[in-house]
Amino acid sequence: MESTRKQLIELLDSQQGYISGQDLSKRLNISRTAVWKHMKELEKDGYEIEAVQRKGYRIVSSPNKVSENTLQWGLNTDWLGHNLQHFKEVTSTQEVVHQLAKQGKPHGTVVIADKQVQGKGRMSRNWDSPKGKGIWMSILLRPELLPYQAPQLTLLAATVLAEVIAEQSSIMPQIKWPNDLLINHKKVSGILTEMQAEQDQIQYVVLGIGINVNQTESDIPEELQHKASSLQVESQQHWSIQDTIQRILQQFERTYDQFMTDGFKAVKLKWEQFGYRIGEEVTISTMKKSWQARLVGIEPDGALLARDEKGKEEKLYSAEIHWGEDGYHAKQK
Ligand code: BTN
């Protein structure tokens, strides 16, 4: 959205204090009356604007609603979300980003929707994405990584979500391998990473993030209530979707940049700090056998590392893990 409105918000945002009407009109190449009209429109949208004679304009606060403007106002990133598109309804933000990627849109493009009618989960599951209740967002990345390293991005994203949630509340999320976010043993968020790659080169990655934010208990289907929840239910507080998205994007950019310069080690450590059942014993079964092992951490290729009682370590990619909560177990792939 390269509209005058967007540029206006960016200019106001980049300024510490006031910016004069004359300055704005020059930089946007529109008349001062047009500047004034845009300000009135912003106010109608819920922006609080201060206009001071001989000083100019300043945004005091943005409305607490999700739009391209409000998401970009105050977004403190260098490359992530500078190209950001918000939709009221889409099939799936994954689909939209795949299309944008094919059109050549840049690294860091973000698509957010209030509602998805065909939200996609892992392993061809559906992902319930009711209107205005959660964060349904996909990020386009064009990383200089080898295809086998792509799972690291999913692990990285999970640590980012866990950190942002932990910072904003007193709840302690946990990451269930490979990438479910749990609070009090219930899933509140999932990540879906899809990749377009050649043998030795990633063309692009679409990293989809779904977070159940403000669903109340009754919004969650009864048959899922024993294993799914929302931030609101678990923290007993209402969450600002707009603010949470901004925090995620900011934290994601920082973590991603650090990962690109320093490698996977910091992500691995962070993931293991939040890791569900890490250090604990679980039952693992494959087609061939079933055994007890201690989960010890994750490997650079995204595998879960388990150590049996004899000290033998095994990397798990696809196994059934009996997580031990309510007898609930999930087949992991
Ligand atoms: C999972 O745990 O199964 C992954 C869920 C991923 C859901 C998100 S919501 C935004 C993006 N668009 C989709 O259709 N899916 C992902």
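What does E313 count as at 40% relative accessibility? E313 counts as partly exposed, a label for residues between buried (under 20% relative accessible area) and exposed (over 50%), worked out with a 1.4 Å probe on protein chains only. What you're looking at is a predicted model, where local features need pLDDT of at least 70 and side-chain atom pairs count only at pLDDT 80 or more, while totals for chains, interfaces and linings use all residues. Numbering starts from 1 along each chain as its sequence is written, and side-chain values use heavy atoms, with hydrogens and water left out.

**View 1. E313 and its partner R307.** E313 forms a salt bridge with R307 (a Lys or Arg side-chain nitrogen within 4 Å of an Asp or Glu carboxyl oxygen). Their closest N and O atoms are 2.7 Å apart. R307 is partly exposed too, at 35% relative accessibility. The whole structure has 17 salt bridges.

**View 2. The three domains.** The protein chain splits into domain 1 (2–61), domain 2 (68–274) and domain 3 (281–332), with bounds from an automatic or database domain assignment. Between the C-alpha centres of domain 1 and domain 3 there are 56 Å.

**View 3. Helix α1 and what covers it.** Helix α1 spans residues 4–14, and its buried residues are R5, K6, L8, I9, L11 and L12. (Helices are DSSP runs of H or I, at least four residues; strands are runs of E, at least two; both are numbered from the N terminus.) The cover over those buried residues includes α2 (21–28), α3 (32–44), β2 (56–61) and α4 (68–72). UniProt's unreviewed entry lists residues 21–40 as "DNA-binding region"; such positions follow the numbering used here, feature names are shortened, and annotations may be inferred rather than shown by experiment. That stretch is 85% helix and 0% strand, and its end C-alpha atoms sit 13 Å apart.

**View 4. R5 meets D45.** Here the two side chains form a salt bridge, 3.2 Å from N to O. R5 belongs to helix α1 and D45 to the loop between α3 and β1 (48–52), so the pair ties together parts 40 residues apart in sequence. R5 is buried at 17% relative accessibility, while D45 is partly exposed at 27%.

**View 5. E163 meets K270.** E163 lies in helix α6 and K270 in helix α9 (residues 265–274), so parts 107 residues apart in sequence are tied together. E163 counts as buried at 17% relative accessibility; K270 is partly exposed, with a relative accessible area of 26%.

**View 6. The nonpolar cores.** A nonpolar core is a set of buried Ala, Val, Leu, Ile, Met, Phe, Trp, Tyr and Cys residues joined through side-chain atoms within 4.5 Å. The largest one has 63 residues, and M137, I139, L141, L207, I248, L249 and F252 touch the most other members. Helix α6 (residues 150–168) gives the largest share, 11 residues. Domain 2 and domain 3 both give residues to this core, so it lies between them. Setting aside neighbours within four places in sequence, I248 is in contact (heavy atoms within 4.5 Å) with I135, M137, V160, L161, V164, I209 and I211. A second, separate core of 15 residues has L11, M39, L42 and Y57 among its members.
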